[in-house]
Amino acid sequence: MAVRVGVLGATGAVGQRLIQLLDPHPSFEIAALTASEDSAGKTYRQAAKWRVDSPIPDDVAELTVSATDPDEVPEDIDLLFSSLPSSVGAAVEPDFCEAGYVVSSNSSNARMADDVPLVVPEVNADHLDLLEVQRDERGWDGALVKNPNCSTITFVPTLAALAEYGLESVHVATLQAVSGAGYDGVSSMEIIDNAIPHIGSEEDKLETESRKLLGDFDGAELTHNDVEVSASCNRIPTIDGHLENVWVETEEDLSPTKAAEEMEAYPSLDLRSSPDQLVHVFDAPDRPQPRMDRTIGDGMAIAAGGLQETPFGLQYNCLAHNTIRGAAGASVLNGELLLENGYL
Ligand SMILES: NC(=O)C1=CN([C@@H]2O[C@H](COP(=O)(O)OP(=O)(O)OC[C@H]3O[C@@H](n4cnc5c(N)ncnc54)[C@H](OP(=O)(O)O)[C@@H]3O)[C@@H](O)[C@H]2O)C=CC1
Ligand SMILES: N[C@@H](CC(=O)OP(=O)(O)O)C(=O)O
């Protein structure tokens, strides 16, 4: 029987992607949708300005949107996907966890909290058991798990594939699509014929979240990886797909050929939303490209290419679909991991 799930912030850009991914999902049944007080009481069709590239699912369209309050969500919901603005997530997600709901959240609040697992299942599924510590410390029946920032998700799997060579330092420069800022995030006058070399708080997220994801969990405590990470983030006029240029220095020698082999061989998982192959490496030096490569693995794979030796270490480019692999798909994958690990 399918697990009954809800979406917090269901009317937003990421909320709509969540609905698109969850509606056909065999393990989950959408049974609750929440948004702001402005949307509460309306049908989803009325409340959401549907902008996803597939039709709004009929059954979901007729559900009534409720306020984002634990008292407004049915008790028989087992899992909530959260795509709220982070300030709202910070205020309400703990209330839902205290009320007994398990929350798989895409919002940036609490990602770096010591007792909150920040998970990319193919990279650090074992960190999920930090939930035992969380429940002990907070006394929650529910639980809170986070996926990282979309740009963090794009480059961390490639680093995980190289980790056995000893990661010393990483430099990453991003070229991020406008959908990452949300529908109203960047105006057309700002971004057409332009690039913006600043995305608020983004660089710090890449630098800190990557070290947490690549850290070790001993069953009680999480130690962050001590690799030095330096990021520079840029907004460019693509719609979807974050492209990143990465330079990595390793303790052991690592040729571009060997690095490509390690990336291609890095294992995926058997979870329903995991791609068959996690990292695809292109031989052609002009790939990956956002428009051509963002939907590899139904938008859940990472594309890489352009591997070469430089005076600053191994250099390569990588790409992921920011609202699928980097946001909604990442939360759904964590929901699948929670289910597989008996947390639901
Ligand atoms: N856009 C993207 O690609 C990415 C976004 N994210 C993160 O995901 C989260 C959602 O982003 P996005 O979907 O773009 O945001 P949107 O602004 O499109 O959607 C926000 C959602 O939250 C609801 N909401 C807003 N204020 C409140 C409130 N006070 N109480 C309850 N619900 C509220 C909105 O409801 P209503 O419609 O009623 O206003 C809407 O459903 C953010 O934390 C963002 O940083 C992460 C990665 C990528
Ligand atoms: N800041 C990201 C999207 C985002 O909302 O990230 P986060 O989930 O860390 O808030 C972008 O602009 O592409």
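The shell around ligand 2 takes at least three residues from each of domain 1 (3-149 + 327-340) and domain 2 (150-321), with domain bounds coming from an automatic or database domain assignment. This is a predicted model, in which local features need pLDDT of at least 70, side-chain atom pairs count only at pLDDT 80 or more, and totals for chains, interfaces and linings use all residues. Residues are numbered from 1 along each chain as its sequence is written, while chains are lettered from A and ligands numbered from 1 in the order in which they are written.

Who sits around ligand 2? The residues near it (C-beta atom, placed from the backbone, within 6 Å) are Ser-86, Ser-108, Asn-149, Cys-150, Gln-176, Gly-180, Ala-181, Ile-199, Glu-202, Lys-205 and Asn-322. Sorted by class, that makes 3 nonpolar, 6 polar and 2 charged residues. Here Ala, Val, Leu, Ile, Met, Phe, Trp, Tyr, Cys and Pro count as nonpolar, Asp, Glu, Lys and Arg as charged, and the others, Gly among them, as polar.

Ligand 1 has 29 residues around it, with Gly-9, Gly-12, Ala-35, Ser-36 and Gly-182 the closest. Its shell, too, draws at least three residues from each of domain 1 and domain 2, and splits into 10 nonpolar, 18 polar and 1 charged residues. Helices α1 (13-22), α4 (86-98) and α12 (324-340) each put in at least two residues, and α1 gives the largest share, with 3. Helices (H or I, at least four residues) and strands (E, at least two) are DSSP runs, numbered from the N terminus.

Now for the sheet. Six strands line up as β3-β2-β1-β4-β5-β6 in an open, parallel arrangement, where two strands pair if DSSP finds at least two bridges between them. β3 (65-67) and β6 (143-146) are at the edges with a single partner strand each, so one side of each has no neighbour in the sheet. On average, neighbouring strands are turned by 30 degrees against each other, direction ignored; axes are lines fitted to C-alpha atoms, for helices over the stretch in contact, and angles run from 0 to 180 degrees between N-to-C directions.

Strand β2 (residues 28-35) is joined to β3 by 3 bridges, the two running parallel. Helix α4 lies across β4 (79-82), β5 (102-105) and β6, at about 150 degrees to β5, contact being C-beta atoms, placed from the backbone, within 7 Å.

Note on methods:
Contact = placed C-beta atoms within 7 Å.
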